[in-house]
Amino acid sequence: MERLRTEPRPDWREHVERDLGFVFHTIDDAPYWDETACYRFSESEVDTIEDATGELEQMCLALVDRVVASGEEAYERLRIPRSAWAAIESSWKVGEKNLYGRFDLSYDGSGPPRLLEYNADTPTALFEAAVVQWDWLEAFRPEADQFNSIHERLIEAWRNFGIGRRRLYFSSVKGHVEDAGTVEYLRDTAVQAGLTTDRIDVEDIGWDGRRFVDLENRPIDVLFKLYPWEWLVGEPFGEHLLTGVAKVIEPAWKMVLSNKASLALLWEMAPGHPNLLETSLEPERVPGRVVRKPIYSREGANVSLLQEGRVIAETSGDYGAEGFVYQSYAPLPAFDGNFPVIGSWVIASQPAGMGIREDSTAITRDTSRFVPHFFG
Amino acid sequence: MTALMKKSRSIRLVLLGSAGITLAACGDDGPPQDAQFYSSVADCAAVYDTATCESVKAEAEQKFAEEAPKFTRKEECEAEFGPGNCETQQASSGGSIFMPMLMGYMMGSMLSGGNRFAQPVYRGANGSAVMPNGGKFFNVGSFGGTGAGAANSFRPAAQVSQVSRGGFGQSARAYRTTSGG
């Protein structure tokens, strides 16, 4: 694994906007898509990441099974509200399919990749990984390979989803260009799988007393939402959604995995697993330097680095009300002063590819840059 | 070797990177609750007086001429509004332009700037009835047939009655961050 400096394509901005529809390549005047560098992996390094990803996904599915079987006690440790328990259990027991997830891994090319966290419900940075970096490879080094069949696997996953002729609604919050871009990309793959699709903002979803409806009052039977389950269940229409009146993607059982308390439960289930970092719901259980993360948080907000209980670094944010998990500190590798996190994707629970986000600090935030990769 | 590769063999996008007319949500600039579709003065005169109907029709026709999308090629127009739904008009420059078909107008009693609400309605793709207002396009109903004769087959979009909205999305406003992670 090495970081290479590369010459950006002179017209890359115009190209990715015009030909790919990639509009959020620059965020708050700072480059987000960054092709001044790339990461080169060996084939065996990619195999290591792929195998670890497959194993982590299987462990996560096993954890959902354990949580559903143990019921109340496990849900409470995960801070999942009681109102959601039945929906989680029924979605799991009937085998509702899931589309995708992104494991964030710390890996430097030696030793096992370590799971920092699992974005099981609303992962983003998908379009960049699936399309933009693939397109970059075609221009930069077409003979090389890339761990990235995300696009093909998404189309295949939609074909197997069991949606049939029902209209599939894609939703995200109003006025958020990155979320809208991610959702529009997913819709693109669904259309290519032959599905009938539509768009609606989550704020515009209506409830007519019996079912969810769109702005023309047509029923919404199947809803993809790039909006966290833990937010949905706490909002006024949450109780309707939990009745199962609409099929929701991701399914309700992803609530078990989308909060960081699940990292502690994973460690309890498989203590000492080489791809896991020791994690606990209690601060004093994890020795040495510890990273404290809110049970519910996004984009690296409210993360603190603790040394014997003392905060030595932290990020700001609005999260943490539900409590924290404490994870053994695994410093991210540094490449020329950059700290890469590997976002390793599963599509329909199969390893599908990766995207790398770099930050100039050791806590990856939403200010990080997406840097492409290749191998071989 | 290609068969063993871990990268996608090819990538095609069908929605992204292309621009089209996006239908706006009802709400701002949407038709008022009491607005109805009328295809002709006679149709309108069953409800309002003839003079009002004539003035509203003239107003809608003028707005249509000024504001309706105009295309230099018929195929471009039909790509937006559907096959058979575009008419040739004489451009002021002398050439031909293509525009969607004016089917009638939405008229309501709600006053806006001292006037009755009146907006042209033309035929969109898949039989939809499209009403422009404030730079946005609204789907106000549908037509049962094709061509200008279908104006009599207008069906309004389902009325907003018992539906409540805004039951999702509050958390996103409470947190100063994105939904994705």
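In which loop of chain A is A:Asp28 placed? A:Asp28 lies in the loop of chain A between β2 (26-27) and β3 (30-31), where helices (H or I, at least four residues) and strands (E, at least two) are DSSP runs numbered from the N terminus. The model is predicted, so that local features need pLDDT of at least 70 and side-chain atom pairs count only at pLDDT 80 or more, whereas totals for chains, interfaces and linings use all residues. Residues are numbered from 1 along each chain as its sequence is written, chains are lettered from A and ligands numbered from 1 in the order in which they are written, and side-chain values use heavy atoms, with hydrogens and water left out.

Most residues other than glycine have a negative phi, and most peptide bonds are trans. A:Asp28, which is not a glycine, has a positive phi of about 50°. With a relative accessible area of 73%, A:Asp28 is exposed; buried means under 20% relative accessible area, exposed over 50%, and partly exposed in between (1.4 Å probe, protein chains only). A:Ala348 likewise has a positive phi, near 50°, in a residue other than glycine. This residue is found in the loop between β18 and β19 of chain A, and A:Ala348 counts as partly exposed at 36% relative accessibility. The peptide bond between A:Ile249 and A:Glu250 is cis, with omega about 0°. A:Glu250 belongs to the loop between β12 (247-249) and α10 (261-269) of chain A.

β18(A) and β19(A) form a hairpin with two residues between them. Strands of a sheet pair through backbone hydrogen bonds, either parallel or antiparallel; here, two strands pair if DSSP finds at least two bridges between them. Strand β19 (residues 350-359) of chain A runs antiparallel to β18(A) and is joined to it by nine bridges, and A:Val341 stands opposite A:Arg357 in β19(A). β18(A) also pairs with strand β5 (residues 100-106) of chain A, in the antiparallel sense and over six bridges. In that pairing, A:Asp104 stands opposite A:Gly343 in β18(A).

Strand β18 (residues 339-347) of chain A is mostly covered, nine of its nine residues being buried. The burial extends to both faces of β18(A): one side carries A:Phe339, A:Val341, A:Gly343, A:Trp345 and A:Ile347, and the other carries A:Pro340, A:Ile342, A:Ser344 and A:Val346.

A:Met1 is in contact with A:Pro340 and A:Ile342, among others, contact meaning heavy atoms within 4.5 Å. Leaving aside neighbours within four places in sequence, the contacts of A:Met1 also include A:Tyr39, A:Arg40, A:Phe41, A:Tyr107 and A:Phe335. A:Met1 is placed in the segment before β1 (2-5) of chain A and is buried, with a relative accessible area of 18%.

Helix packing is illustrated by one pair in chain A. Helix α5 (residues 126-140) of chain A and helix α7 (residues 177-192) of chain A pack at an angle of about 55°, their axes being 9 Å apart. Axes are lines fitted to C-alpha atoms, for helices over the stretch in contact, and angles run from 0 to 180 degrees between N-to-C directions. α5(A) and α7(A) are therefore oblique to each other, since angles under 35 degrees count as roughly parallel, over 145 as roughly antiparallel, 65 to 115 as roughly perpendicular and the rest as oblique. In this contact, A:Leu126, A:Phe127, A:Ala130 and A:Val131 in α5(A) meet A:Thr182, A:Tyr185 and A:Leu186 in α7(A).

Three strands form an open sheet in the order β10(A)-β9(A)-β9(B), with antiparallel pairing. β10 (212-213) of chain A and β9 (164-165) of chain B stand at the edges, each with a single partner strand, so one side of each is left without a neighbour in the sheet. Strand β9 (residues 206-207) of chain A is joined to β10(A) by two bridges, and A:Trp207 has A:Phe212 in β10(A) as its bridge partner. Chain B itself has four helices and nine strands, and buried residues make up 44% of its 181 residues.
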